[in-house]
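Subject: Handing over a structure

Dear colleague,

I am passing on a structure that you have not worked with before, and below it you will find my notes on what was found. Please read them with the structure open beside you.

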Amino acid sequence: MRRSLIQMTVLGVVASVIITALSLLIDWFPEQASTTADDVDLLYDVLLIVSVPIFVLVMSVAIYSVIRFRARPGDERDGEPLHGNAQLEVAWVAIPFVLVTALAVYGWIVLDEQEDPRPNTMDVNVRAGQFAWRFEYPQPGGQSVRSDELYLPKDRPVRFRIRTDDVVHSFWIPEFRIKQDAVPGIVTTSLTVPNRAGNFNVVCAELCGLGHTTMRQQVHVLEGEQFASWIGARRQALAAAPEPGRQTYTTYGCAGCHTLEDAGAAAATGPSLDGLAEVYDKRNPRLSLEAYIRQSIVDPRALVVPGFRADGMPANYSRQLSRAEIDTLVDYLARASAGSSGPGTAAAIRPPPGASR
Ligand SMILES: [Cu+2]
């Protein structure tokens, strides 16, 4: 019995050492490109060092026991009568409890440090939809610079505000070591500080439909001046272009039914959109202004304003308009319904209830 115990322990310890060493030798991760990447990798190594030996030790003892103490052919005995061992039981409950609690606290500390608010943080809105990411850089005038690829300045903290237009997606940049779910109906956030210039991957890490594997784009981390000239050019193009939302509003016939001063529309078949920013939350307090407008366009039957007919608004705009046109229209209407779409009026739009996570 004593010999078996020694053999078993020696075997388990040797196997633990070999497999832990092997698991630490493997280069698990892509290059590091954010200030907190190193902490995340260290956390992973600590998890390996703590969990691999325990797993290997337990498995070696189990396998050793199965082989060494198996019933020989013809042996019909039930084996020795066993009694519980209170000391052993306390030990095998207490040790894992302490280990798991300590690891949870350590993980919490690393995450908390990553999510620590930093001065001079830039907000980028991330929109997920089957099967692409879209990125918006809110501008002082209330409009947003839009881009299909993510551009970020090096060494500046960035806060991603992540939304989805359909199902659950997960926003993952492996080189930054960040990953955050995009969940319908809420805005989730993720903070990071890119500290290496270059091109990295933006990947969806949640099985989100048939095109899930194609939901991959690039993040370009640029030096500060390069980024400033990129965003500057986009900003100028935005200012020079005619208000695209106003065009969409008239092109698709919205102006035929809804009053909107900014678009020169005066019709009363449908509810007026002037001042919508002031009243929408009395109609539906659960939605933000943008979400309310979006839903009214794509699924008008779900949000009928009292006094108007449920079938008054065509229900096929989600197919007639492209996703980008709907984005533009929602963005425009959120501004225009608050007074005017001119620069400086964004402040008049109240923050959406519950969207300030
Ligand atoms: Cu996805």
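What geometry does the site of the copper ion have, with its 4 donor atoms? Before the reply, a word on the basis: this is a predicted model, in which local features need pLDDT of at least 70 and side-chain atom pairs count only at pLDDT 80 or more, while totals for chains, interfaces and linings use all residues. Residues are numbered from 1 along each chain as its sequence is written, and side-chain values use heavy atoms, with hydrogens and water left out.

The copper site

The site is tetrahedral, with angles of 91 to 124 degrees among the 4 donor atoms (four donors count as tetrahedral if all angles lie between 85 and 135 degrees). The protein donors are His169 (ND1), Cys204 (SG), Cys208 (SG) and Met215 (SD), which lie 2.0 to 2.6 Å from the copper ion; donors are N, O and S atoms within 2.8 Å of the metal, or 3.2 Å for Na, K and Ca, and water is not among the atoms, so sites may look incomplete. Their spacing in sequence is H-x34-C-x3-C-x6-M. Cys204 belongs to strand β9 and Met215 to the loop between β9 and β10, 11 residues apart, and both Cys204 and Met215 are buried (under 20% relative accessible area, with a 1.4 Å probe and protein chains only).

Strands and sheet

Strands are DSSP runs of E with at least two residues, and helices are runs of H or I with at least four, numbered from the N terminus; two strands pair if DSSP finds at least two bridges between them. Strand β9 (residues 198-204) pairs in the antiparallel sense with β6 (residues 169-173) over 2 bridges, and Trp172 has Val203 in β9 as its bridge partner. β9 also pairs with β10 (residues 216-222), again antiparallel, over 6 bridges, and here Phe200 stands opposite Val219.

Elsewhere, an open sheet of 5 strands has the order β3-β2-β1-β5-β8, with mixed pairing, and its edge strands are β3 (144-147) and β8 (188-192). Within this sheet, β1 (residues 122-129) and β5 (residues 158-164) run parallel and are joined by 7 bridges, with Ala128 opposite Thr164.

A pair of helices

Helix α6 (residues 276-283) packs against helix α7 (residues 289-298) at an angle of about 80 degrees, their axes being 10 Å apart (axes are lines fitted to C-alpha atoms, for helices over the stretch in contact, and angles run from 0 to 180 degrees between N-to-C directions). α6 is therefore roughly perpendicular to α7, a term that covers 65 to 115 degrees.

Methods: Four donors count as tetrahedral if all angles lie between 85 and 135 degrees; four count as square planar and six as octahedral if opposite donors are over 155 degrees apart and all others between 65 and 115; anything else is irregular. Buried means under 20% relative accessible area, exposed over 50%, partly exposed in between (1.4 Å probe, protein chains only). Angles under 35 degrees count as roughly parallel, over 145 as roughly antiparallel, 65 to 115 as roughly perpendicular and the rest as oblique.
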